[in-house]
Amino acid sequence: MKHYQAVLYDIDGTLLNTVNMNMYPLLRIIKEERGEEWDLADVVKFMAYPGMKVMEELGIHDPETTYQRWVRYVNEYEEGATPYAGVAETLATLRARGVRQGVVSSKKRAQYRIDMGGTGLDAYMETAVLEEDTPQHKPHPAPLLEGLRRLGLAPSQVLYVGDTPSDGQAAQAAGMDFGYAKWNGLDQGAVDHPTYVLHAPGDLLPILEK
């Protein structure tokens with residue numbers, strides 16, 4: 001069995017359930033900006049995108065102002081970010097084993113403080129590579145390579161865990177093994193040849209035994 005020194009995680013849809021708090025406000029933005037009624041299934045793909053990329057994809061006329069309004073709607077949304085069942089326990093067990101942990105996400109730093117800081121999961125993370133930290137974003141490998149640089153580890157020593165095809169593509173491009181997190185129940189497209197398919201956070205424990 002391979003002995004990983006560390007694990008890096010995606011956040012949205014992997015550690016935290018932020019689907020409703022992000023996507024229902026986005027549906028509101030689409031109605032306001034485009035006059036169109038979309039369904040949740042139509043926008044789930046945007047979970048993996050940086051915020052301004054979503055504005056670009058939607059053809060928003062004033063993306064900066066509209067993005068800030070979306071952020072406000074997100075943070076006003078009644079249902080906030082919540083860890084998936086088993087996530088906190090898994091992170092705690094891995095830390096006790098001496099496994100180093102961090103996140104690589106397209107989330108902005110201010111939102112990271114709200115979502116990860118608000119749930120206490122940030123306490124388990126040695127490093128956080130976020131949208132502002134690299135000019136390119138997943139599926140480009142740059143964010144993962146930055147995570148490796150900060151940890152001082154080689155790609156073969158670190159497992160990346162995420163829930164989208166772009167997460168898998170970024171891991172492959174960075175030369176890293178990939179754990180496909182399927183516990184959110186969302187269909188965001190096929191992930192090609194993941195190293196591991198994970199149906200619950202606890203599935204990581206036998207993989208990351210030291």
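Me: Helices (H or I, at least four residues) and strands (E, at least two) are DSSP runs, numbered from the N terminus. Which of them each supply at least two residues of the lining of the second largest pocket?

Reply: Those are α8 and β7, the latter covering residues 177-181. This is a predicted model, in which local features need pLDDT of at least 70 and side-chain atom pairs count only at pLDDT 80 or more, while totals for chains, interfaces and linings use all residues. Residues are numbered from 1 along each chain as its sequence is written, and side-chain values use heavy atoms, with hydrogens and water left out.

Me: What makes something a pocket, and what makes something a cavity?

Reply: Both come from a 1 Å grid over the protein atoms alone. A cavity is a set of points where a 1.4 Å probe fits but cannot get out, whereas a pocket is an open set with protein on both sides within 12 Å along at least five of seven lines. Lining residues have an atom within 4 Å of a point.

Me: How many residues line the largest pocket, and which lie nearest its centre?

Reply: There are 29 lining residues, and Asp 12, Asn 22, Gly 51, Tyr 67 and Lys 107 lie nearest the centre. The volume of this pocket is about 440 Å³, where a volume is the space filled by probe spheres set on the grid points, joined across faces, edges and corners. The largest share, five residues, comes from α4.

Me: How does the lining of the largest pocket divide by class?

Reply: It has twelve nonpolar, eight polar and nine charged residues. Here Ala, Val, Leu, Ile, Met, Phe, Trp, Tyr, Cys and Pro count as nonpolar, Asp, Glu, Lys and Arg as charged, and the others, Gly among them, as polar.

Me: What surrounds the second largest pocket, and what is its volume?

Reply: Its volume is about 170 Å³. It is lined by 15 residues, and Gly 168, Gln 169, Gln 172, Asp 192 and His 193 lie nearest its centre. α8 gives the largest share of this lining, five residues.

Me: How many cavities of 30 Å³ or more does a search of the whole structure find?

Reply: The search finds one. The largest cavity has a volume of about 50 Å³, and its lining includes Tyr 9, Thr 14, Trp 183 and Pro 201. Helix α5 (residues 87-97) supplies three residues, the largest share. By class, this lining has eight nonpolar, two polar and no charged residues.

Me: Which residues of α5 are buried, and why are they said to line one face?

Reply: They are Val 87, Thr 90, Leu 91 and Leu 94. The face turned away carries the exposed residues Glu 89 and Ala 96. Buried means under 20% relative accessible area, exposed over 50%, and partly exposed in between (1.4 Å probe, protein chains only).

Me: How do you know how the span of α4 sits against the expected one?

Reply: The expected span is 1.5 Å times one less than the number of residues. α4 has 14 residues and reaches 20 Å from its first C-alpha to its last, close to the expected 20 Å. Its buried residues are Thr 66, Tyr 67, Arg 69, Trp 70, Tyr 73 and Val 74. They cover an arc of only 160° around the axis, which puts them on the same side of α4. On the other side, Glu 64 and Glu 76 are exposed.

Note on methods: The arc is that of the directions from the helix axis to the C-beta atoms.
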